[in-house]
Amino acid sequence: MGKLVIVGTVAFDAIETPFGKTDKILGGAGTFIGLAASNFNVDSAVVSVVGGDFPQEYLDLMSNKNIDVSGIEIVKDGKTFFWSGRYHNDMNSRDTLATELNVLADFEPVVPDNYKDAEVVMLGNLHPLTQMSVLNQMTTKPKMVILDTMNFWMDCALEDLHNTIKHIDVITINDEEARQLTGEYSLVVAARKIHEMGPKYVVIKKGEHGALLFHDDSVFFAPALPLEEVFDPTGAGDTFAGGFAGYLAKTGDYSFENLKTAVIYGSTLASFCVEKFGTERMENLKTEEVHRRLEQFKSLTQFDIELT
């Protein structure tokens, strides 16, 4: 079992959906990734920054999930990163109501010494220079580097993003971002162009329509499980990434065949995340629940056909 380093925001969110609204609750990419990866009992550490207003109980929650929090800097006189958003009725589009960078504005990640030899590095959605600084701190070359990014960095830090992408193995982005990054509408052509930028594998997330995994000329598709209720999509993509990275760190197998299974695990965990607001569902997730849902995924896609 390998070590896993996760860099990403640990934050407060305030969310409004057609099903209700919350006050400030636990959020952030690093949080969702860490909670998802904890389902594999991997040796993981979250590298992030919070303010003095961040409750100890949230840090304890992560520690109790065997997530090393020594890489989370606490700026005593600072305030934690805060994001607020309102989702539309389709739950796919949203309006950002507030973004307060606070301590994140001056964040310089420091990887704990005992994780600088981690086999898997998960670079959550942050400035590409911040992501690159984590890679520069690793004392041995990771066996798998996974990067998540978004259109904001394509708009304001494209050159830095291109430079960072050269050093990674897997990129996870959504379909809109893949098209923006490459200027191609076809996701097959977009994936091929992203391959040429550096990544060996390309994962394109399509929300409620599943995810695509590309490697050279091979393509794998994982559906999203049809759910009766979706309360809050916040963190679903990060939960997917955490499940994906956690499974790879657990198995130590970085072949295309095993990445297929990692995509299924990521999709499975993401399907739980959206059932409650914030991290609530992921905090109390049981192994047997995950296994039952994996069986549902299997039955969703497995069939026999006789060609005549």
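A: Start with the angle classes: under 35 degrees counts as roughly parallel, over 145 as roughly antiparallel, 65 to 115 as roughly perpendicular, and the rest as oblique. Helices here are DSSP runs (H or I, at least four residues), numbered from the N terminus. This is a predicted model, where local features need pLDDT of at least 70, side-chain atom pairs count only at pLDDT 80 or more, and totals for chains, interfaces and linings use all residues. Residues are numbered from 1 along each chain, and side-chain values use heavy atoms, leaving out hydrogens and water.

Q: How do α8 and α9 cross?

A: Two packed helices are described by the angle between their axes and the distance between the axes. Axes are lines fitted to C-alpha atoms, for helices over the stretch in contact, with angles from 0 to 180 degrees between N-to-C directions. Here α8 (residues 236-251) and α9 (residues 256-273) have axes that come within 7 Å and cross at roughly 140°, so the two are oblique.

Q: What does F244 touch?

A: Contact means heavy atoms within 4.5 Å. Not counting residues up to four places away in sequence, F244 touches I146, V170, V203, L259, A262, V263 and G266.

Q: Is T239 buried or exposed?

A: Buried means under 20% relative accessible area, exposed over 50%, partly exposed in between (1.4 Å probe, protein chains only). T239 sits in α8 and is buried, at 0%. Its C-alpha atom is 7.6 Å from that of L35, 204 residues apart along the chain.
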